[in-house]
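Notebook open, structure loaded. I want to go through the salt bridges, then the cores, then a few loop residues.

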Amino acid sequence: MAISASLSSSLAPKLHGSPAFPSKRAALPTFAHNPRPPTGSRALRARSAKVAPRAVAVGEDLPADYAEWLPEADPSKRRRAGVLLHPTSFRGPYGIGDLGGEAFRFLDWLHASGCSVWQVLPLVPPARKPYDGGSPYSGQDANCGNILLISLEELVKEGLLEKDELPDAIDADSVNYSIVAELKDPLIAKRYYHCL
């Protein structure tokens with residue numbers, strides 16, 4: 001690791017003596033292991049690490065126990081992987097994806113594939129005006145959930161709706177929020193007031 005002598009001799013004719021590199025050599029900086037006290041997750045990792053017994057100057061050979069200065073990996077803190085998918089992107093019988101059967105199948109797939117994170121966009125009620133396009137970022141209230149994500153089939157399973165109350169399925173390539181709202185809002189409101 002002591003390459004500074006050979007490096008400086010090979011660069012000396014080109015660098016030293018030029019206006020950008022004066023011929024007087026400045027003192028080389030030294031680098032100490034962990035010179036500042038760590039914060040956050042670095043503090044947790046550094047607790048298990050040995051503190052360097054001394055600073056190592058640039059170009060100096062590393063000590064034999066240098067590898068012990070580094071923290072050991074904690075197997076309980078493994079990396080995680082996941083998928084960003086909004087529930088409205090699932091296939092749904094009523095023109096929109098919801099938190100029903102497709103969502104449960106997606107969770108099973110995530111688990112089977114080794115993923116442990118499901119990231120979603122905001123789950124607030126989107127503005128239903130045509131020019132807003134139902135964007136989850138155009139919500140009118142950050143404290144409410146989007147009732148269009150409620151699965152009517154799950155309400156039937158819970159006994160909150162009768163199967164004959166379900167509307168006819170619609171086939172759509174994209175979500176039309178006004179049509180979906182016409183189908184779902186009355187049924188969800190009816191069940192809500194029935195449960196009060």
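I started with glutamate 102 and arginine 105, whose side chains meet in a salt bridge at 2.9 Å, N to O. My rule for a salt bridge is a side-chain nitrogen of Lys or Arg within 4 Å of a carboxyl oxygen of Asp or Glu. Glutamate 102 and arginine 105 are three residues apart in helix 3, so about one helical turn separates them. Helices here are DSSP runs of H or I with at least four residues, strands are E runs of at least two, and both are numbered from the N terminus.

Housekeeping before going on: this is a predicted model, so local features need pLDDT of at least 70 and side-chain atom pairs count only at pLDDT 80 or more, while totals for chains, interfaces and linings use all residues. Residues are numbered from 1 along each chain as its sequence is written, and side-chain values use heavy atoms, with hydrogens and water left out.

Next I looked up arginine 191, which forms a salt bridge with glutamate 165, closest N and O atoms 3.6 Å apart. Arginine 191 is in helix 5 and glutamate 165 in the loop between helix 4 and helix 5, so this pair ties together parts 26 residues apart in sequence. Arginine 191 counts as buried because its relative accessibility is 14%; the cut-offs are under 20% for buried, over 50% for exposed and partly exposed in between, with a 1.4 Å probe and protein chains only. I also noted that salt bridges with shared partners join Arg91, Glu102 and Arg105 into one network.

How many salt bridges does the rule give? The count comes to six. One of them pairs aspartate 98 with lysine 184, with 3.5 Å between the closest N and O atoms. Aspartate 98 sits in the loop between strand 3 and helix 3, and lysine 184 in helix 5, so the pair ties together parts 86 residues apart in sequence. Both aspartate 98 and lysine 184 are buried.

On to the cores. A nonpolar core is a set of buried Ala, Val, Leu, Ile, Met, Phe, Trp, Tyr and Cys residues joined through side-chain atoms within 4.5 Å. The largest has eight residues: Tyr94, Leu152, Leu155, Leu161, Leu166, Leu183, Leu187 and Ile188. Helix 4 and helix 5 are the elements giving two or more residues to this core, and helix 5 has the largest share, three residues. Another core, of five residues, lies apart from it and includes Phe90, Ala103, Leu110 and Cys115.

I zoomed in on leucine 161, in the loop between helix 4 (152-157) and helix 5 (177-195). Is leucine 161 buried or exposed? At 3% relative accessibility, leucine 161 counts as buried. Its contacts (heavy atoms within 4.5 Å), leaving aside neighbours within four places in sequence, are Leu152, Leu155, Val156, Leu166, Leu187 and Arg191.

Threonine 88 counts as buried at 17% relative accessibility, and its side chain makes a polar contact of 2.8 Å with that of histidine 86. A polar contact is a pair of N or O atoms within 3.5 Å; within protein, one must be able to donate a hydrogen and the other to accept it, and residues adjacent in sequence count only if both atoms are side-chain atoms. Asparagine 146 counts as buried at 8%, and its side chain reaches the backbone nitrogen of leucine 148 at 3.0 Å.
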